[in-house]
Amino acid sequence: MQAPGAENVSSMGSVRSCGNVRGMHLGMRRPITLRAHITMDFQINPATLQGPVYFCSGTNKGIERTMIADGETSPARSAETGAFFDAIVVGAGFAGMYMLHRLRELGFSARVFEAGGGVGGTWYWNRYPGARCDVESMQYSFSFSEELDQQWNWSEKYAPQPEILSYANHVVDRFDLRRHIVFDTRVVSETFDEKAGCWLVETERGDRVHAKFLIMAVGCLSAPNRPNFNGLEDFNGPIYHTGQWPHQGVDFTGLRVGVIGTGSSAIQSIPIIAQQATALTVFQRTATWSVPAWNEKLTPEYLQAAKAEYPALRAKARARPTGFYFPFNTKPALEANPEEREKQYEESWARGGLPFLGAYGDLLFEKAANDTIADFARRKIRGIVKDPVTADLLCPDNVFGCKRLCVDTGYFETYNMPHVKLVDVSRTPIERFTAHAIEVNGVEYPLDAVVCATGFAAMTGSFDKIRITGRNGLTLSEKWRAGPRAYLGIASAGFPNLFMITGPGSPSVLASMIQAIEQHVDWLADCMGHMRDVGATSIEPILKDEDAWVEHVNEVSTVSLRSTCSSWYVGANIPGRPRVFMPYIGGFPVYVQKCNEVMNNGWDGFILEGAQDSNAAPRVRYTERWRVPLDIEVISPAAVAARRVPVV
Ligand SMILES: Cc1cc2nc3c(=O)[nH]c(=O)nc-3n(C[C@H](O)[C@H](O)[C@H](O)COP(=O)(O)OP(=O)(O)OC[C@H]3O[C@@H](n4cnc5c(N)ncnc54)[C@H](O)[C@@H]3O)c2cc1C
């Protein structure tokens, strides 16, 4: 009997070399109906809950309780042992879903393990009120299928989380992927079997399965950061994390709510929580730059016109440093006079969203230029927030756009509501939780419920949670102790046939992520297809090429003001993490060009083993659409630097 989806196992060269593989599927898998997870048929009112319920307590036990309290039950099934797949994919967000699609198209057997009860990743977990994308929906979506582009209709400029989750479910069903995904199953260990030349993957449910390729689609923002405050366990009310929101929703009516954090999730949720709560207290460590979204419904006329131009829009997006298209003024801010600048900033503010940073070309590269936009945005905040003390606290004093820029609907306006209070915890941090309050600087703020909008252990957090052991017993966490090291952000020396989608050292979170995901997946699909064509058994980066790439990523990052502040890009939100600028800031097209060169030159910087002709020019099946010229009109200083400093 074959494992489901393992029909083509014999197509891979190394399969027969895996001595301990039986190709058997011994477990039972029950199809999971996602509808149960996405229907919000009732809401939890924490006031009606008996006794303390900790949705996140900073411990594993807390996570389990979250799952139970969410109404999520893991369907019973017996552990699966001995099955062998061409590829195992960890994670069923957009990255895992698209990887699976390409693997199936190529005829590879594949299994996806997903910790959650459904697909969608970010959009499965982050169900907090107000959650939505901040890259316009028409671009924050897959671009690999023109039919999909034409047939799917987004309702709003920035789609809300339930709609993005519906889209993920639509895609997974449309391309018949669901039957290859095992939900409610967290991968805990991955071990490379050097003799057999394959990976052993183990899950918390006792599964032990093997694969030639192991693809980490675990997400850049998928490991919630749960700060361990003093007395957390003493608090009598519920504590939520925005990144693990109860699926039934939460009704804060009649409650005194505390929100910890003022990053993107806080900025999206605070205006909505404020509408329900009787009192809302926001605990702010660092003030955040945010630009109005001016979100709106998309009319049928708009959609029709936009879809007529969709292929052109997608092509333009691929040529942009961010991987998505928006009007961009390359002129330096410092060359404009103050009146011109004011006009330009007003126009860009009126357009809103992330494109506000496209008002001038030097804003993230010249501090003096950045000061002009920061000054404008501070005046906007002061113009909105009536209480001058609160307005001052809400005005960031760091580089504009240094941390990820936030996009909001009515965030600053919320502080004009009489029941909303801002507490500065920058100098005097939260001291402790008590049974009914949070204490700061000797003052108790009485609360019935707390929302931790404290973000994620970005980029590497989900890797850290899995014991990944490569050649010679080397673990990935040991290798990455001083910061992540990966060639092109795709693979790491010592870990053959292990790939990462949007890994550290690739544009990832600095690009529109679905485009970054698609480019990686297409490249990987071509790589694996090539390996099968030439009978290669393994691929692995050469250490010196990996080192040179990591150095290049660091070097280019220093060109941007983004490297100067304490953001999650550098791991600064998690105590004890090494400070390394993790994403590649040289621009999406520069990076894509490098990936294409590596492929064209016979996998430059990689060692291929077992191939009859490893340097053969690959048959390009999928990456063709990424071979677009750099849009010189909008080339950023970082992209210039990336081209000047030889891209290794
Ligand atoms: C609130 C929010 C809003 C965002 N908005 C935007 C936006 O507007 N534009 C943009 O470009 N990006 C945005 N992002 C980034 C977003 O993460 C990406 O756009 C994209 O969804 C990432 O997809 P992914 O598949 O790579 O990762 P994820 O969606 O994070 O999926 C990873 C999956 O892997 C699973 N997983 C992890 N570890 C394991 C394990 N050990 N075993 C089994 N499963 C595991 C997780 O459960 C998760 O489902 C946003 C992120 C957040 C949190």
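This is a predicted model: local features need pLDDT of at least 70, side-chain atom pairs count only at pLDDT 80 or more; totals for chains, interfaces and linings use all residues.

Let's begin with the helices. A pair of packed helices is described by the angle between their axes and the distance between those axes. Here, helix H3 (residues 94-105) packs against helix H16 (residues 513-534) at an angle of about 30°, and their axes are 9 Å apart. Angles under 35 degrees count as roughly parallel, so H3 is roughly parallel to H16. The crossing of H3 and H16 is right-handed. On the H3 side, the contact uses Phe94, Ala95, Tyr98, Met99 and Arg102, and these meet Ile514, Ile517, Glu518, Val521, Asp522 and Ala525 in H16. Sort the residues of this contact by class and you get eight nonpolar, three charged and no polar ones.

Both helices turn up again at the ligand: H3, H16 and helix H4 (122-125) each supply at least two residues of the shell around it. H3 gives the most, with three residues. There are 37 residues around the ligand, and Gly91, Gly93, Gly121, Gly219 and Met513 come nearest. By class, that shell has 20 nonpolar, 13 polar and four charged residues.

Now for the strands. Three of them make an open antiparallel sheet, in the order E13-E14-E15. Strand E13 (430-433) and strand E15 (443-446) are the edges, each pairing on one side only. From one strand to the next, the twist averages 25°. E13 and strand E14 (residues 437-440) run antiparallel and are joined by three bridges. Look there for Ile430, which stands opposite Val440 in E14.

Terms used:
Residues are numbered from 1 along each chain as its sequence is written. Axes are lines fitted to C-alpha atoms, for helices over the stretch in contact, and angles run from 0 to 180 degrees between N-to-C directions. Helices (H or I, at least four residues) and strands (E, at least two) are DSSP runs, numbered from the N terminus. Angles under 35 degrees count as roughly parallel, over 145 as roughly antiparallel, 65 to 115 as roughly perpendicular and the rest as oblique. A crossing is left-handed if the near helix is turned anticlockwise from the far one by less than a right angle, and right-handed if clockwise. Two residues are in contact if their C-beta atoms, placed from the backbone, lie within 7 Å. Ala, Val, Leu, Ile, Met, Phe, Trp, Tyr, Cys and Pro count as nonpolar, Asp, Glu, Lys and Arg as charged, and the others, Gly among them, as polar. A residue is near a molecule or strand if its C-beta atom, placed from the backbone, lies within 6 Å of it. Two strands pair if DSSP finds at least two bridges between them.
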